[in-house]
Amino acid sequence: MTHQELIQIALEVRENAYVPYSQFKVGAALLGVSGKVYTGCNVECASYGGTNCAERTAIFKAVSEGERRFKTIAVVGDPNAYTFPCGICRQVMVEFGKELEIIVAKTPEDYRVYTMNDILPHSFTPDDLENSGEGVRSHDL
């Protein structure tokens, strides 16, 4: 799947966003190593803490369907600016590997590509727990 195809899917799912408070629609398309694409949009809640971002929606959907290894995620928001994942989404994304490629896009032709290390340097990952001598080992996950 090309970057442009993944971006187009994210643009389409962005239209499903439930954003009665911010009016800021975000769409995400996550490509698993299986080749399957999982989509997500942001869903707001009157109790703001209950809101879920598009990126986490896509990741949680993929995990709930048994996929845990990912290649690329495309994120689209404001058509006039690049919309980057928030801090919570970055932490959830790095949980599944620093190799994840992140595409932030305005359109299928206007986008930028980053790695997890680019957008979340010095991240805390399952490896940190493994290296601490305590906690869950990544091979146990």
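User: Which residues of helix α2 are buried?
Analyst: This is a predicted model. In helix α2 (residues 54-64), the buried ones are Ala 54, Glu 55, Arg 56, Thr 57, Ala 58, Ile 59 and Ala 62. Their cover includes the strands β1 (27-32), β2 (37-41) and β3 (70-76), along with helix α3 (87-95). Just after α2, Gly 66 has a positive phi of about 100°.

User: What makes the contact between Glu 15 and Arg 14 a salt bridge?
Analyst: The N to O distance between their side chains is 3.7 Å. The cut-off is within 4 Å, so the pair qualifies.

User: What does the salt bridge between Lys 25 and Glu 15 tie together?
Analyst: Lys 25 and Glu 15 meet at 3.4 Å, N to O. Both lie in the loop between α1 (3-14) and β1, so the pair ties together parts that are 10 residues apart in sequence. Lys 25 is partly exposed, at 30% relative accessible area. Shared partners join Arg 14, Glu 15 and Lys 25 into one network.

User: How do you know that Lys 106 and Asp 110 form a salt bridge?
Analyst: Their N to O distance is 3.8 Å. That is within 4 Å, so the pair counts. The whole structure has four salt bridges.

Methods. Residues numbered from 1 in each chain as written. Predicted model: local features only at pLDDT ≥ 70, side-chain atom pairs only at ≥ 80, totals over all residues. Heavy atoms only, no water. Buried < 20%, exposed > 50% of the residue type's maximum accessible area, 1.4 Å probe, protein only. Helix = DSSP H or I, 4+ residues; strand = E, 2+ residues; numbered from the N terminus. Contact = heavy atoms within 4.5 Å.
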